[in-house]
Amino acid sequence: MKTEILPTAPDVARRGASVFEAQARARPALVMALPTGRTPVEMYEILAARKRSGELNLSAATAFNLDEVLLPRRMPQTFFQFMTRHAWEPLGIAPERRFIPDGETADPEAECRRYEEAIAAAGGLDLAILGIGADGHIAYNLPGQAGPRTHVVTLDAGTIATLGGGLTGPLRAITMGVETILSARSIVLLATGASKAEALRRMRDEPSGGAWPCTLFRDHADLTVIADEAAASQL
Ligand code: PGA
């Protein structure tokens with residue numbers, strides 16, 4: 001894995017946006033895997049400003065969400081709501097090219113298969129933008145719950161708490177799997193803040209496939225980790 005260490009979180013957002021934009025210019029019909037979370041918000045804001053000024057056109061791009069919680073879509077904790085507010089609308093992703101697992105499905109296993117088929121039908125992923133959890137999870141490939149393809153996971157209490165709003169479990173989610181994500185031609189992982197420092201160190205140093213799911217991603221041929229100094233402090 002290639003690592004770029006920048007002074008601050010805003011620097012990481014700017015760098016992530018610039019990699020994103022370069023890829024979108026090179027391939028207007030870019031097929032992307034996109035994250036939710038605190039980390040990518042500023043990158044999305046930069047990209048939204050570029051869209052508003054007419055310098056970035058994502059109208060032909062396709063966005064697949066990395067994951068979704070199994071909750072009614074109207075709830076503010078869903079990634080459907082997050083993406084609508086922070087990415088799909090402000091970046092101008094065409095409604096018919098916004099993909100996210102259906103968190104209201106009565107048959108999550110079938111929904112996982114359908115999602116994999118949709119990614120394949122779009123021609124596969126060109127670019128995956130990722131975050132990383134303090135416990136080393138990537139998308140919702142949680143410790144002990146990583147899987148090869150899109151699958152259902154049960155969120156632990158700590159992960160549920162990150163969704164906010166006093167939500168309590170039990171709660172399941174659908175996530176792209178490790179192979180799904182690794183099938184992307186290019187991967188960018190954004191990490192900011194001291195809470196991610198241990199996960200980044202273990203991603204680099206732990207034996208692959210143990211308690212740290214992030215280790216399953218590090219050998220991708222085109223993976224760039226963009227980290228601020230706090231997140232990179234143990235590297
Ligand atoms: P965060 O989430 O960006 O809110 O820290 C990262 C993740 O859980 O993947």
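The text below takes the ligand site and then a threonine in a helix.

This is a predicted model, in which local features need pLDDT of at least 70 and side-chain atom pairs count only at pLDDT 80 or more, while totals for chains, interfaces and linings use all residues. Residues are numbered from 1 along each chain as its sequence is written, and side-chain values use heavy atoms, with hydrogens and water left out.

Around the ligand stand Gly37, Arg38, Thr39, Gly131, Ile132, Gly133, His137 and Lys196, each with a heavy atom within 4 Å of it. By class, this shell holds one nonpolar, five polar and two charged residues, where Ile is among the nonpolar types, Lys and Arg are among the charged ones, and Gly counts as polar.

| Residue | Group in the residue | Distance to a ligand oxygen |
|---|---|---|
| Arg38 | polar backbone atom | 2.8 Å |
| His137 | side-chain N or O atom | 2.7 Å |
| Lys196 | polar side-chain atom | 2.6 Å |

Of the 280 Å² of accessible area that the ligand has on its own, the protein covers 76%, as computed by the Shrake-Rupley method with a 1.4 Å probe.

Thr180 belongs to helix H6, residues 178-182, helices being DSSP runs of H or I with at least four residues, numbered from the N terminus. Thr180 is buried, at a relative accessible area of 1%, the limit for buried being under 20% with a 1.4 Å probe and protein chains only. A polar atom of the Thr180 side chain lies 3.2 Å from the backbone nitrogen of Gly177.

Conventions:
Polar contact = N/O pair within 3.5 Å; in protein donor to acceptor, adjacent residues only side chain to side chain. Helix = DSSP H or I, 4+ residues; strand = E, 2+ residues; numbered from the N terminus. Buried < 20%, exposed > 50% of the residue type's maximum accessible area, 1.4 Å probe, protein only.
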